[in-house]
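Please keep the structure open beside the text as you read.

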Amino acid sequence: MSTDFITYLKKEGYAAATIASYQRITDAFLHWCHRYQYNLENLSYHQCTTYFKILQQQKNKSNILLSNTTIKAYTTAIKVYFTYLVSEDVYSVSPIEDYSYTTTKGYEHELLSQEELDLLYMGYP
C-alpha cells in the first residue's frame, strides 16, 4: 500500500478509522491482483467486478458470508483507490467509475390494489 494513498485520503478529509479500513481493503485487493498476475495499470472493468463477485462468496471470521453492507464498503474503498490513481495519472478514467454495487433484497412487496387503497382511504376518519 502506498503511503501516497494514505496522504491522499488525509488530504480529502477521511477519518482515521476510514483510512485504516480503506488501507486494509485496498491491500487485500492488491494482493488478489498480484496473485492472479493482474497489472494494476491495466485492470479492466471485468477484472474488478470479478473481484467483487468473489467477495459475495467470501466468509468472515464467524464463517458467515460477507453482508451486502460490507461488500458495498469494499467496493467503495476500491473505487476511492481508483480515484486516487486517476489523480496520480495512472489512469485517465477509473475502470469502475460507473460501477454501483446493488443487491436484491430477496423479498417481494405485496402492494395494495387500487380497490384496497380506496377502501383504506374511505375508512380513514
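This is a predicted model: local features need pLDDT of at least 70, side-chain atom pairs count only at pLDDT 80 or more; totals for chains, interfaces and linings use all residues.

**Helix contacts**

Two packed helices are described by the angle between their axes and the distance between the axes. The table gives both values for two contacts.

| Helices | Angle | Axis distance |
|---|---|---|
| α1 (residues 3-11) and α2 (residues 16-35) | about 145° | 10 Å |
| α2 and α3 (residues 45-57) | about 115° | 11 Å |

Let us begin with α1 and α2. Helix α1 passes α2 in a right-handed crossing. On the α1 side, the contact is made by F5, I6, L9 and K10, and these meet I19, Y22, Q23 and T26 of α2. Sorted by class, the residues of this contact are 5 nonpolar, 2 polar and 1 charged.

Now move along to α2 and α3. The angle between them is about 115°, which makes α2 roughly perpendicular to α3. The crossing of α2 past α3 is right-handed. Here A28, F29 and W32 of α2 touch Q47, C48, T50, Y51 and I54 of α3. The contact of α2 with α3 includes 6 nonpolar and 2 polar residues, with no charged ones.

**Aromatic pairs**

A pair of aromatic rings is described by the distance of the centres and the angle of the planes. How many aromatic pairs does the model have? The count comes to 18, and two of the pairs are worth a visit here.

In one, the ring centres of F5 and Y84 lie 5.3 Å apart.

Is F5 buried or exposed? With a relative accessibility of 0%, F5 counts as buried. Y84 has a relative accessible area of 5%, so Y84 is buried too; the cut-off for buried is under 20%.

Y84 also pairs with Y8. The centres of these two rings are 5.4 Å apart and the planes stand at 55°, so this pair is tilted as well. Since Y8 lies in helix α1 and Y84 in helix α4, the pair ties together parts that are 76 residues apart in sequence. Both Y8 and Y84 are buried.

Key:
Residues are numbered from 1 along each chain as its sequence is written. Side-chain values use heavy atoms; hydrogens and water are left out. Axes are lines fitted to C-alpha atoms, for helices over the stretch in contact, and angles run from 0 to 180 degrees between N-to-C directions. Helices (H or I, at least four residues) and strands (E, at least two) are DSSP runs, numbered from the N terminus. A crossing is left-handed if the near helix is turned anticlockwise from the far one by less than a right angle, and right-handed if clockwise. Contact means heavy atoms within 4.5 Å. Ala, Val, Leu, Ile, Met, Phe, Trp, Tyr, Cys and Pro count as nonpolar, Asp, Glu, Lys and Arg as charged, and the others, Gly among them, as polar. Rings of Phe, Tyr and Trp (its six-membered ring) pair if their centres lie within 6.5 Å; planes under 30 degrees apart count as stacked, over 60 as edge-to-face and the rest as tilted. Buried means under 20% relative accessible area, exposed over 50%, partly exposed in between (1.4 Å probe, protein chains only). Angles under 35 degrees count as roughly parallel, over 145 as roughly antiparallel, 65 to 115 as roughly perpendicular and the rest as oblique.
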